[in-house]
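Keep the structure in view and find each residue as it is named.

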Amino acid sequence: ADIATYLYEFIVFNEYLKSQKQVLEIASDVSDIAIMNLAMIYSSTNQKEKSLKLYGHVSNYSKTVRLKAEALYRIGVIYLERNEVENAVRSLKYAVYLNPSHLNARLLLEQNWKKVHWIFWSKIQAFNSKFNALSM
């Protein structure tokens with residue numbers, strides 16, 4: 001993984017010094033596929049924050065709707081791994097909106113639907129408890 005990471009970082013990033021600090025920025029001529037591959041390497045080596053940033057870049061700037069949807073799906077997977085169900089559902093719903101035939105995103109949404117309902121139900125109950133306590 002180290003060699004693959006090094007090679008993809010070389011392809012994806014422009015590296016330069018600015019005010020004595022090393023700066024990495026995504027190269028303007030790099031393909032979305034290369035960015036997605038590096039994000040997958042980061043994700044599989046437990047560098048989730050780096051992975052999220054790269055997937056986020058693709059979901060924001062890709063000209064291909066299917067690639068945007070795939071990036072959003074992968075963001076959703078990372079959020080589920082972190083147990084951030086609300087963020088995961090938001091990403092997965094948008095992935096399905098962009099690409100209704102994205103079966104993996106649909107499957108994950110269905111599998112986590114009960115969790116989502118439980119979270120929102122818990123929030124409503126907590127709000128009602130606070131409201132009832134204030135009105136007494």
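Predicted model: local features only at pLDDT ≥ 70, side-chain atom pairs only at ≥ 80, totals over all residues.

Helix 4 passes helix 5 in a left-handed crossing.

**Helix 4 and helix 5**

- Helix 4 covers residues 65-81 and helix 5 covers residues 85-98; their axes come within 8 Å and cross at roughly 160°.
- Angles over 145 degrees count as roughly antiparallel, and helix 4 and helix 5 are therefore roughly antiparallel to each other.
- On the helix 4 side, the contact is made by Val65, Lys68, Ala69, Leu72, Tyr73, Ile75, Gly76, Tyr79 and Leu80.
- On the helix 5 side, the contact is made by Asn87, Ala88, Ser91, Leu92, Tyr94, Ala95 and Leu98.
- Sorted by class, the contact of helix 4 with helix 5 has 12 nonpolar, 3 polar and 1 charged residues.

**Helix 3 and helix 4**

- Helix 3 packs with helix 4 at an angle of about 155°, and their axes are 8 Å apart.
- Helix 3 and helix 4 are therefore roughly antiparallel to each other.
- The crossing of helix 3 and helix 4 is left-handed.
- Helix 3 makes this contact through Lys48, Ser51, Leu52, Tyr55, Gly56, Val58, Ser59 and Asn60.
- Helix 4 makes this contact through Leu67, Lys68, Ala71, Leu72, Arg74, Ile75, Ile78, Tyr79 and Glu81.
- The contact of helix 3 with helix 4 has 9 nonpolar, 4 polar and 4 charged residues.
- Lys68, Leu72, Ile75 and Tyr79 of helix 4 take part in the contact with helix 3 and also in the contact with helix 5.

**Helix 1 and helix 2**

- Helix 1 (residues 2-12) packs with helix 2 (residues 32-44) at an angle of about 145°, with their axes 10 Å apart.
- Helix 1 and helix 2 cross in a left-handed way.
- From helix 1, the residues Ala4, Thr5, Tyr8, Glu9, Ile11 and Val12 meet Ala34, Ile35, Asn37, Leu38, Ile41 and Tyr42 of helix 2.
- The residues of the contact of helix 1 with helix 2 comprise 9 nonpolar, 2 polar and 1 charged.

**The largest pocket**

- The largest pocket holds about 200 Å³ of space.
- Its lining consists of Glu9, Phe13, Leu24, Glu25, Ile26, Tyr42, Glu49, Lys50, Lys53 and Leu54.
- Strand 2 (21-26) and helix 3 (48-61) are the elements that give two or more residues to the lining of the largest pocket.
- Helix 3 gives the most to that lining, with 4 residues.
- By class, the lining of the largest pocket divides into 5 nonpolar, no polar and 5 charged residues.
- Glu9 and Tyr42 line the largest pocket and also belong to the contact of helix 1 with helix 2.

Definitions and conventions:
Residues numbered from 1 in each chain as written. Heavy atoms only, no water. Axes fitted to C-alpha atoms, helices over the stretch in contact; angles between N-to-C directions. Parallel < 35°, antiparallel > 145°, perpendicular 65-115°, else oblique. Left-handed = near helix turned anticlockwise from the far one by under 90°. Contact = heavy atoms within 4.5 Å. Nonpolar A, V, L, I, M, F, W, Y, C, P; charged D, E, K, R; others polar. 1 Å grid on protein atoms, 1.4 Å probe; cavity = no way out; pocket = protein on both sides within 12 Å on 5 of 7 lines; lining within 4 Å. Points joined across faces, edges and corners; volume = space filled by probe spheres on them.
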